[in-house]
Amino acid sequence: MRNIGRTVQSSIYRNGVFGRRPAVPTGADALAEAARRRMTRTGWSYVAGGAGAQRTVDANREAFGRYRIVPRQMVDVGERSLATTLLGRDLPAPVLFGPVGALELAVQHQRAHGGRGAAPRNAEPALARAARDLGLPVVISSQASVPMEDTAAVLGDSPRWFQLYWSSDDAVVESFVARAEASGCEAIVVTLDTHVLGWRTLDLDLGYLPFARAEGIAQYLSDPEFQKLVEARVRGAGGAGAGDGGAGDGGAGAAGTGSARAGAGENRPTLAAVRSLLSMARHHPGPTWRNLRQPYARAAVETFLDIFSRSTLTWTDLAWLRQRTTLPILVKGIQHPDDAHAALDHGANGIIVSNHGGRQIDNAVASLDALAPVVDAVREHPRAHSGTGAGAGTGNGTAVGAGSAVPVLFDSGIRTGADVFTALALGADAVLLGRPWVYGLALAGADGVRSVTEHILAELDITMALAGVSETGRIGRHNLAS
Ligand code: GLV
């Protein structure tokens, strides 16, 4: 992407001459506010919400204000490029679409208002269309609203990775990884920070967990190994139903009609319960009317809640995963340099510095504050100096050219192009975007995802121009006030 800032900026101003405004707001707060007004209450709470008193969500944003970019003048920046290389793949920009679960929640309101193309199963395909147009990788979520194969089909040749929640059922994990490989994924991203769900007050106050209504569990519902578990559950219950609402380690509990403590029998049927059952039946493969009569849809939700996650994992378990795929493995959720070292010691190929957008621990360290220490730890690790890919140094340890041997990616708190610049300056090889493009999806489907992303890339390019940098690989700590 060459000089994208000028292109996007000129097009917005030119459209303005004809009275046309951008399809989605360019400012981060205005974008979020526009999405909040449009989305359902449950959808907004799930996407925007964080843990507890929301202090980590706020801290993630506030941290960017503490790192200041220093403008530099009289540097030839007439030809700028955002291009980079990541895990051997040339990319137009150091930006990926981060994994976002239950993406259908971003288009729920469109269906509620009878909007076109708003069926829940359209969310990831819309993302995939935008990503394909931009050539930027999608990290397909374990908690997606459509099977990964469907998203892969829309992506065509465009790059994709797979984000893995390490289920407590080995066969399901193996099957997900095999399906990801067959779907053309180029890396596995294991999320380490969500082996229990955070204490998410916005969702808790609404009593709302999408997975308990079968929203965001399409990877499981479409999985042959998962289907075997559901079958066994139904047979074990004498075909009578879905068990008693096990909470599993995911801490999820309720499945719409019952709860971990109060089984279905103890609850009188309510409209909400009927809606939840309908949601399960609609999401389950096969005709809704049949799913309503059979026990499988509800048994599938209960099975998911039982096997979602595993709190017993330790670093040595990475070897198990390593043996099951030839793809690079990146670990996501790293906030401490020692964890970065341990991950590399145990075979990880890359690190994603993330606190899950502030959704897991309240009052946690801002993800941006964790970035530089992790980058330094990774650059000191012997693995960072082995193999191919380490290009010319920039003086701050950032590799230029062929891409870092052990990439460090960043997410949590990025809303603008200037934020991307700051994360790259602190040593990230690339960043993952989350909420901003989800808001774009909520406002304008694939066009919204594309526009939000173009705005961020345009601002990154313009920030580079004004900071006197013409290649993303040359952004470094020297571009920040000390
Ligand atoms: C799970 O992916 C979540 O953050 O809700």
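Leu-91 counts as buried, since 22 other C-beta atoms sit within 10 Å of its own (buried means 20 or more other C-beta atoms within 10 Å, exposed means 12 or fewer, and partly exposed is in between, with C-beta atoms placed from the backbone). This is a predicted model, so to speak of local features a pLDDT of at least 70 is needed, side-chain atom pairs count only at pLDDT 80 or more, and totals for chains, interfaces and linings use all residues. Residues are numbered from 1 along each chain as its sequence is written.

Leu-91 belongs to strand 2 (residues 89-91); helices (H or I, at least four residues) and strands (E, at least two) are DSSP runs, numbered from the N terminus. Not counting residues up to four places away in sequence, Leu-91 touches Ala-83, Thr-84, Leu-86, Leu-136 and Pro-137, where a contact is a pair of residues whose C-beta atoms, placed from the backbone, lie within 7 Å. Pro-137 is 46 residues from Leu-91 in sequence, yet their C-alpha atoms are 8.2 Å apart in space.

Setting aside neighbours within four places in sequence, Leu-164 is in contact with Ser-142, Phe-176, Val-177, Ile-188, Val-189, Val-190 and Thr-191.

Zooming out, the chain holds 19 helices and twelve strands. Of its 482 residues, 54% count as buried. Take the contacts between residues at least 6 apart in sequence: 72% of them join residues at least 24 apart.

Strand 7 (residues 329-334) is mostly covered, with six of its six residues buried. On one hand, strand 7 pairs with strand 6 (residues 188-191) in the parallel sense over four bridges; a pair of strands needs at least two DSSP bridges between them. Here Ile-329 of strand 7 is the bridge partner of Ile-188. Strand 7 also pairs with strand 8 (residues 350-353), again in the parallel sense and over four bridges, and Leu-330 stands opposite Gly-350 in strand 8. To get from strand 7 to strand 8 the chain passes through helix 16 (residues 337-345), and this β-α-β crossover is right-handed, that is, with the strands pointing away from the viewer, the path from the first strand over the helix to the second runs clockwise.

Twelve of the twelve residues of helix 14 are buried, so the helix is largely enclosed by the rest of the structure. Among the buried residues are Tyr-296, Arg-298, Glu-302, Phe-304 and Asp-306. What covers them includes helix 8 (170-182), helix 10 (218-221), helix 11 (224-236), helix 12 (271-283) and helix 13 (288-293).

Helix 6 (residues 123-134) also has twelve residues, and reaches 17 Å from first C-alpha to last, close to the expected 16 Å. Ten of its twelve residues are buried, including Glu-124, Pro-125, Leu-127, Arg-129 and Leu-134. These buried residues pack against strand 3 (95-97), strand 4 (138-140), helix 7 (148-155) and helix 19 (435-467). Just after helix 6, Gly-135 takes a positive phi of about 75 degrees.

Most residues other than glycine have a negative phi. Gln-54 has a positive phi of about 70 degrees although it is not a glycine. Gln-54 sits in the loop between helix 3 (41-48) and helix 4 (55-64), and counts as partly exposed because it has 18 C-beta neighbours inside 10 Å. Asn-363, also not a glycine, has a positive phi near 60 degrees. The loop between strand 8 and helix 17 (367-380) holds Asn-363, which is partly exposed with 13 C-beta neighbours inside 10 Å.

Finally, the ligand. The residues around it are Gly-101, Gln-143, Thr-194, His-356 and Arg-359, each with its C-beta atom, placed from the backbone, within 6 Å of the molecule. This shell divides into no nonpolar, four polar and one charged (Ala, Val, Leu, Ile, Met, Phe, Trp, Tyr, Cys and Pro count as nonpolar, Asp, Glu, Lys and Arg as charged, and the others, Gly among them, as polar).

Technical notes
The expected span of a helix is 1.5 Å times one less than its number of residues. Two residues are in contact if their C-beta atoms, placed from the backbone, lie within 7 Å.
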